[in-house]
Every structure is written in C-alpha cells, then in structure tokens.
Amino acid sequence: GQSLRALAQRSGLRIGTAINTDQLGSNARYDEIAASQFSSVTPENVMKWDAIEPQRGKFDYAAADELIRFAKQHHQLVRGHTLVWYNQLPQWLTDIGPSLTTKQATAILKQHIFDEMTHFKGRIWQWDVVNEAFNEDGTLRDNLWLQKIGPSYIEKAFRWAHQADPKALLFYNDYNIEYGGPKQDGAYALVKGLVKKGVPIDGVGFQTHLDTQYDIPDLRTTMQRFAKLGLKTAETEVDVRTTLPVTSVELSAQKAGYSETLQACLLVKACISYTVWGFGDAFSWIPGVFPGEGAADIYDEHLVAKPEYTSLQTVL
Ligand code: XIL
C-alpha cells in the first residue's frame, strides 16, 4: 500500500512522528521509515530545556539542528516540543529554583523562550509553548512557574513566544484532556480565557497516550469543543499501550485506538496534524514508565509494520 504521508496528503493532513535522534543517522531502517511515512516530525527529547541548555548560558542545539536538517531534506514540517514544562528542566535550574524571586523566575523563563525560539526561528511549524500545566482535578499543577510567577506564567509565555517567532503556531499541549472531566474543563477554561483576552494562542494539542484498559476518548466531540473557540487542534503524541504479552482482544483494541483517533482528526476541520509518539516498539518510552506495558507503537521491535499501521492506512 501507499505510505501514510502519501495517503494523508490527499486530505491535507500532516501525519507526524516523534523522532529519537539517537537512532537518526545511525539506523538506516529507522531513517527510511521516518522519511517515507511521515510529513511532520517532533523531537522526542532534544528541544527540551535540559537538552538545549545543560549548563546555564551554554547551549547545545546540535541534535535538534540535525533533526531540522533531516526534516528539511524530506519536506517535513517540525513541531517544536516544548518550551514551558515542569519536567526535564536542567539541573542548574532545579537547583536555583527554590531561591528565585518572582522577578528572577520571570526573567529566566522569558530569556529561555527567546533563546530557543530565536535559534529555531522560521523553522518550526507548531510550538508546544506550555506543556502539561494541569492536574487531573482541573487545578493548575504546582510547578516552579506557578510558585514563582503565579497563573499568569501561561499567558506571559504565549505573549513572549509570539514576539520571538510571530509566524509559528502556538499550542497548549496536555494529556488526559481527551476525556471529558475536570482536567479537560480546566484546559478549556484556560484557553477560552486566553482567546478572550487576545493572548496569541493558535491551538490545543491532545497528547492521546491511550491504554487498552481505558476507553477510547471521543476526540471528535472534544476537538470540536475547542475548535469552536477559533482554535486549531492536533493529536500530538498518540500511542496505545497494553499489558504484555498482547492478547488478540488487546490488539484489536489497539487497532481501534489508532483508527478512531485518526478518524476523529480527519473529521474535524480544525485538526491539522496527527502525530504518533515514536513508531517502533524498541524505542518506545512506555516500558520505562509503565511497568509491564508496551507494544504501544505502529511498528514492532524489529521495525516491521504492525496491524496498527495497517489500520491507520485503512482510515486514510
Ligand atoms: C517522554 C519521552 O518519550 C522520553 O524519552 C523521556 O524520557 C520522557 O519524556 N508527555 C510529553 C513528552 O509531553 O515530552 C514525554 O516524552 C511523554 C509524555
């Protein structure tokens, strides 16, 4: 059959993957799939703050630049991930964090956004400006930025991001907001307020890390809800984990997880990209974080396409 990217092109949808830059350039099969199947790429780790500024004021953009070169060579767009997050912060920042004043924390966050976005200016299609700001109960997550700057850190981040690279699409990105409930409502209230105030936000990213032990979310309804605010949407980190070894009923649930979430994106006009969080089970983040679970990706441990891959092809 045709590649995912060729099929998706017919409907104007970008189909993306997270890229593990340790594989890129050293694993020919990995490169071949990344280039031929996808029309968008997201750095899985190398644009996070700990990667780009390991020591204060000393920047390392090498791995991310390599990915940008790869994307350009293969006519792919790049999702920048991620500028403001509580996790994967550099050690120097974690160390000084508690002692920072409001003014200092604000200056550091602003500088970070300008440093990174200026480096990549004009080369990023969508930026995940703020990632995972909510708790499950819909309150804001207690992170360094909330503690030191207060809830306005989110709005500030979007304003700075727009100044730094006015052409990039600016996203709020989170997980478990695919399901109805307090977390989705919290994110909805946030972005609605931002839109109302004229804060430059363009879209909402639904990570879509699914597990066969839970329902498949109704992303069509959810994304329409956000789209009515005038926002774009994207599925940004899709994978469908299950307990190992995979039974036939779990496999069919995984196929449904992929096909239903892709179908939702295709049916929602505002949904501009569908991105899987890596494409090979050998490189998936799942086994390291969810003990006993895995097989979450569309290619197996040997980079052979799985039935989940075929189910995406069928929907496209
Ligand atoms: C994960 C990566 O996949 C891992 O390699 C890393 O060790 C931790 O972060 N939500 C996000 C992503 O927004 O950045 C996370 O990526 C997965 C969950």
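# Notebook: a walk through a predicted model

**Entry 1: Ile 52.** I started with Ile 52, which lies in helix α3, residues 49-52. A reminder to myself before going on: this is a predicted model. Is Ile 52 buried or exposed? I found 22 C-beta neighbours inside 10 Å, so Ile 52 counts as buried. Next I looked up what touches Ile 52, leaving aside its neighbours within four places in sequence. The contacts are Met 47, Phe 59, Asp 60, Tyr 61, Ala 64 and Glu 116. I also checked Ile 52 against Pro 90: the two are 38 residues apart in sequence, and their C-alpha atoms are 8.8 Å apart in space.

**Entry 2: the whole protein.** Then I stepped back to see the overall picture. I counted 13 helices and 10 strands in the protein. The C-alpha atoms fill a box of roughly 55 × 40 × 40 Å along the principal axes. Does the radius of gyration fit a compact globule, or what else does the number say? With 316 residues, such a globule would have a radius of gyration near 20 Å, and the protein has 19 Å, which agrees. Of the 316 residues, 47% count as buried. I also looked at contacts between residues at least 6 apart in sequence, and 77% of these join residues at least 24 apart.

**Entry 3: Ile 108.** For another isoleucine I picked Ile 108, in helix α6, residues 102-119. Ile 108 has 19 C-beta neighbours inside 10 Å and therefore counts as partly exposed, since the cut-off for buried is 20 or more. From Ile 108 to Ala 295 I noted 187 residues in sequence and 39 Å in space, C-alpha to C-alpha.

**Entry 4: helix α9.** Which residues of α9 are buried? I listed Lys 183, Gln 184, Gly 186, Ala 187, Leu 190, Val 191 and Leu 194. These residues cover an arc of only 160° around the axis, so they sit on the same side of α9. On the face turned away from that buried side I found the exposed residues Ala 189 and Lys 196. What covers the buried residues of α9? The cover includes the helices α8 (152-164) and α10 (219-227), along with the strands β5 (169-174) and β6 (203-206).

**Entry 5: helix α13.** I repeated the exercise on α13, residues 307-315. The buried residues here are Glu 308, Tyr 309, Ser 311 and Leu 312. They cover an arc of only 160° around the axis, which puts them on the same side of α13. Among the elements that cover these buried residues are α1 (4-9) and α11 (248-267).

Entry 6: I went looking for exceptions here, because most residues other than glycine have a negative phi, and most peptide bonds are trans. Gln 88 is not a glycine, yet has a positive phi of about 50°. I located Gln 88 in the loop between β3 and α5 (91-96). Gln 88 counts as exposed because I find 12 C-beta neighbours inside 10 Å. Thr 208 is not a glycine either, and its phi is positive at about 70°. Thr 208 is found in the loop between β6 and β7 (209-211). Is Thr 208 buried or exposed? Thr 208 is buried, because 28 other C-beta atoms lie within 10 Å.

I then noted two cis peptide bonds. One joins His 81 and Thr 82, with omega about 0°, and Thr 82 lies in strand β3, residues 77-84. Another joins Leu 244 and Pro 245, with omega about -5°. Pro 245 lies in the loop between β8 (232-243) and α11.

**Entry 7: the ligand.** Last, I looked up the ligand. Which residues are around the ligand? I wrote down Glu 44, Asn 45, Asn 131, Gln 207, Glu 237 and Trp 285. By class, this shell has 1 nonpolar, 3 polar and 2 charged residues.

Conventions: Residues are numbered from 1 along each chain as its sequence is written. This is a predicted model: local features need pLDDT of at least 70, side-chain atom pairs count only at pLDDT 80 or more; totals for chains, interfaces and linings use all residues. A residue is near a molecule or strand if its C-beta atom, placed from the backbone, lies within 6 Å of it. Ala, Val, Leu, Ile, Met, Phe, Trp, Tyr, Cys and Pro count as nonpolar, Asp, Glu, Lys and Arg as charged, and the others, Gly among them, as polar. Helices (H or I, at least four residues) and strands (E, at least two) are DSSP runs, numbered from the N terminus. The arc is that of the directions from the helix axis to the C-beta atoms. Two residues are in contact if their C-beta atoms, placed from the backbone, lie within 7 Å. The radius of gyration is taken over C-alpha atoms; the globule rule is 2.2 Å times the number of residues to the power 0.38.
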